[in-house]
Amino acid sequence: MSTDAAPPSGGTPLVDKVAAVSAFAGSAILAVIAGMSVVSIALRALGFRPIQGDFELVQVFLAGCVALMLPWCQLRGGNLTVDFFTVRLARSKQRRLDAAGAVLFAAVMLLLTWRTAVGALAMRAEGETTMILGFPLWIGYAAVVPGLLLTAACALHTARVAWKQAGHE
């Protein structure tokens, strides 16, 4: 998004609500993971056995947390942009470029969604698990898919809104 205007969230309550719930879920899972890590480190520091496989659980679920927070980031214009070359363009042209960038981002998210789902199915078929806990790895991959898919939908939404805004400026 260009820096001189507000991000094109579009004010669609359903999109905003779904993205907010997704971000809240990702944040809640992240808080649980962080809490588990703190407890495990404290146990280790006090001379007790740490939570077995804590690092495996962090690895498996952290990507899912990030993916669940991406839709909210997209709707709020929180993704990194470099507008060095476009800062002097008319706002309508900036919005059109924002729309094109959002469509490209949606395409990348759809590609990642597809390949992550394929990876999850392959991991499930092979029965791959973590080394210590024997936790099925496919669950971690599958946990990423909803966030990526919702991010693609939010990117298409922001593209539509930015294109509409370009026509009104």
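Ile132 is partly exposed, because its relative accessibility is 39%. In this predicted model, Ile132 belongs to the loop between helix H3 (91–126) and helix H4 (137–168). Together with Phe55, Met131 and Leu133, Ile132 makes a nonpolar surface patch of about 450 Å².

**Confidence**

The average pLDDT of the protein is 89, and 93% of the residues score at least 70. Over residues 1–6, pLDDT stays under 50; the model has 17 contacts beyond four places in sequence for this segment.

**Salt bridges**

| Arg76 | Asp16 | 3.8 Å |

Arg76 forms a salt bridge with Asp16. This pair links distant parts of the chain, with Arg76 in the loop between helix H2 (54–75) and H3 and Asp16 in helix H1, 60 residues apart. Arg76 is partly exposed, with a relative accessible area of 32%, whereas Asp16 counts as buried at 17% relative accessibility.

Arg44 is partly exposed because its relative accessibility is 45%; Asp54, at 11%, counts as buried.

Arg95 and Asp98 both lie in helix H3, three residues apart, which is about one turn of the helix. Arg95 is buried, with a relative accessible area of 2%, and Asp98 counts as buried at 12% relative accessibility.

**Ser22 in helix H1**

Ser22 is found in helix H1 (residues 13–45) and counts as buried because its relative accessibility is 7%. Leaving aside residues up to four places away in sequence, Ser22 touches Leu68, Pro71 and Leu150. Ser22 and Leu70 are 48 residues apart along the chain, and their C-alpha atoms are separated by 8.7 Å.

**Cysteines**

A search of the whole structure finds zero disulfides. Cys65 is in no disulfide, and the nearest cysteine sulfur, that of Cys73, is 15 Å away. Cys65 is buried, with a relative accessible area of 1%. Cys73 is likewise in no disulfide; for this residue the nearest cysteine sulfur is that of Cys154, 11 Å away. Cys73 is partly exposed, with a relative accessible area of 23%.

Key:
Residues numbered from 1 in each chain as written. Predicted model: local features only at pLDDT ≥ 70, side-chain atom pairs only at ≥ 80, totals over all residues. Heavy atoms only, no water. Patch = residues over 30% accessible without salt bridge, like charges linked within 9 Å, V, L, I, M, F, W, Y side chains within 5 Å. Areas by Shrake-Rupley, 256 points an atom, 1.4 Å probe, with all protein chains shown as cover. Salt bridge = Lys/Arg side-chain N within 4 Å of Asp/Glu carboxyl O. Helix = DSSP H or I, 4+ residues; strand = E, 2+ residues; numbered from the N terminus. Buried < 20%, exposed > 50% of the residue type's maximum accessible area, 1.4 Å probe, protein only. pLDDT = per-residue confidence, 0-100. Contact = heavy atoms within 4.5 Å. Disulfide = S-S within 2.5 Å.
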